[in-house]
Amino acid sequence: MAQLPDHYTYPAILQKTRDCYGVHFPDLPGCIATGATADEASAAAKEGLALHLWGMEQDGAPIPAPSALDAILPQQGDVLCLLDANMFAIRAEMNNRPVKKTLTIPWYLNELAEKQRLNFSQILQSALRERLSV
């Protein structure tokens, strides 16, 4: 499998509407963000860009090359900018998100562990790390 880049940089278009600011990426249909201010919209767009690209990576979807800036013609009043997605950070966050698991243990182990106020999740994670050598 090819090494995935740690950063992607895509052109984005920032638009002012009557009520807020919006950002969209011409190369990534459906990847949009909004905010009350231009800064909020840009921050939301950077996060949305990273999540959108992470989803494409997970699906094995081809990630399009970013368009050249001079190939994009924004409408009057729109602002063309470049936004960067830090994929290392989003991969780390998404790959460490908690996942709920249901398990079954003998009644007596449950009773003993609860009396000692043991953290089942912590113990299971520790045991899995040890077993998997990670």
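User: Buried means under 20% relative accessible area, exposed over 50%, and partly exposed in between (1.4 Å probe, protein chains only). Which residues of helix 1 are buried?

Analyst: This is a predicted model: local features need pLDDT of at least 70, side-chain atom pairs count only at pLDDT 80 or more, and totals for chains, interfaces and linings use all residues. Residues are numbered from 1 along each chain as its sequence is written, and side-chain values use heavy atoms, leaving out hydrogens and water. Helices (H or I, at least four residues) and strands (E, at least two) are DSSP runs numbered from the N terminus. In helix 1 the buried residues are Ala41, Ala45, Leu49, Ala50, Leu53, Trp54, Met56 and Glu57.

User: What distance does helix 1 reach from its first C-alpha to its last?

Analyst: Helix 1 covers residues 38–59, 22 residues in total.

User: Which residue forms a salt bridge with aspartate 6?

Analyst: A salt bridge is a side-chain nitrogen of Lys or Arg within 4 Å of a carboxyl oxygen of Asp or Glu. Aspartate 6 is partly exposed at 39% relative accessible area, and the closest N and O atoms of its pair are 3.6 Å apart. Aspartate 6 lies in the segment before strand 1 and its partner in helix 2, so the pair ties together parts 85 residues apart in sequence. The partner is arginine 91.

User: Which residues do salt bridges with shared partners join into one network?

Analyst: The whole structure has 2 salt bridges. In one of them, arginine 91, buried at 15%, meets glutamate 57 at 2.6 Å, N to O. Arginine 91 lies in helix 2 and glutamate 57 in helix 1, so this pair ties together parts 34 residues apart in sequence. The network joins Asp6, Glu57 and Arg91.

Conventions
Expected span 1.5 Å × (residues − 1).
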